[in-house]
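I opened the model to look up two things.

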Amino acid sequence: HAWSLIIVGEPGTGKELVCRNIHFMSNRANAPFVEVNCAAIPEELIESELFGHTKGAFTGASVAKTGKFELAAGGPLFLDEIGDMPLLMQSHLLRVLQDQTFYRVGGTQLIRTNVRFIAATNKDLRQAIRQGTFREDLYYRLAVITSTLPPLRERLDDLPALSEYFLRRAAGLGTHRQYTLSDRALTLMHQYHWPGNVRELENVLTRAVILSTG
């Protein structure tokens with residue numbers, strides 16, 4: 001079976017970027033990178049989204065649909081915010097992790113797949129297990145490899161490099177200028193808490209470029 005991975009970190013730390021880079025450096029780099037945001041899909045639709053469904057499987061299923069498990073065959077399925085997946089869906093996912101087989105919703109044909117699961121969450125899954133909102137057996141199936149991304153406030157040495165990258169990218173918004181940070185600006189940035197992490201840093205620097213007059 002393909003190994004699986006969980007990336008843990010606060011919102012905005014770059015979990016998806018890390019997952020994509022892991023994929024692009026893997027031996028499955030030519031396979032599609034398929035993403036599912038477990039927190040954004042309504043509970044009644046997530047099963048169809050992952051497994052697909054047959055025509056007429058439920059009201060409104062006028063055509064058959066291919067699910068994410070099939071679309072990701074041979075590559076990774078990125079399960080973003082796995083900690084928000086409903087418990088019933090967690091049990092279905094566990095079956096796929098164990099056997100790499102599943103049925104479409106309303107289907108009778110067993111489908112085999114070969115998917116590498118990469119999950120990300122901003123929640124403490126061990127605490128969720130204790131609270132009964134996340135299955136312990138699923139956690140240990142997914143957590144073959146785990147990695148924790150520290151918040152930006154704990155890696156402030158990255159500020160100059162990240163800022164240079166974001167300023168260079170923001171300069172392509174139409175200003176066609178080169179931007180650098182003053183020593184005073186960098187000092188202030190080191191004193192800030194950055195609750196929104198790298199995503200907030202990108203937003204702040206992009207706004208600064210847009211509003212800059214010199």
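I took axes as lines fitted to C-alpha atoms, for helices over the stretch in contact, with angles running from 0 to 180 degrees between N-to-C directions. Helices (H or I, at least four residues) and strands (E, at least two) are DSSP runs, numbered from the N terminus. This is a predicted model, where local features need pLDDT of at least 70, side-chain atom pairs count only at pLDDT 80 or more, and totals for chains, interfaces and linings use all residues. Residues are numbered from 1 along each chain as its sequence is written, and side-chain values use heavy atoms, with hydrogens and water left out.

**Entry 1: helix packing**

I looked up H7 (residues 159–170) against H9 (residues 197–211). Their axes come within 9 Å and cross at roughly 45°. That makes H7 oblique to H9 (under 35 degrees is roughly parallel, over 145 roughly antiparallel, 65 to 115 roughly perpendicular, the rest oblique). The crossing of H7 and H9 is right-handed, meaning the near helix is turned clockwise from the far one by less than a right angle.

Next I listed the contacts (heavy atoms within 4.5 Å). On the H7 side I found Leu 159, Leu 162, Ser 163, Phe 166, Leu 167, Arg 169 and Ala 170. They meet Val 198, Leu 201, Glu 202, Leu 205, Thr 206 and Val 209 in H9. By class, this contact has 9 nonpolar, 2 polar and 2 charged residues (Ala, Val, Leu, Ile, Met, Phe, Trp, Tyr, Cys and Pro count as nonpolar, Asp, Glu, Lys and Arg as charged, the others, Gly among them, as polar).

**Entry 2: salt bridges**

I found 12 salt bridges in the structure (a side-chain nitrogen of Lys or Arg within 4 Å of a carboxyl oxygen of Asp or Glu).

Glu 10 pairs with Arg 153, the closest N and O atoms being 2.5 Å apart. Glu 10 is in the loop between strand E1 (5–8) and helix H1 (15–24), and Arg 153 in the loop between strand E9 (145–148) and H7, so the pair ties together parts 143 residues apart in sequence. Glu 10 counts as partly exposed at 28% relative accessibility (buried is under 20%, exposed over 50%, partly exposed in between, with a 1.4 Å probe and protein chains only).

I then checked Asp 84 and Lys 123, whose side chains meet in a salt bridge at 2.6 Å, N to O. Asp 84 lies in the loop between E5 and H4, Lys 123 in the loop between E8 and H5, 39 residues apart.

Last, Arg 135 and Asp 137 form a salt bridge at 2.7 Å, N to O. Shared partners also join Glu 16, Arg 20 and Glu 35 into one salt-bridge network.
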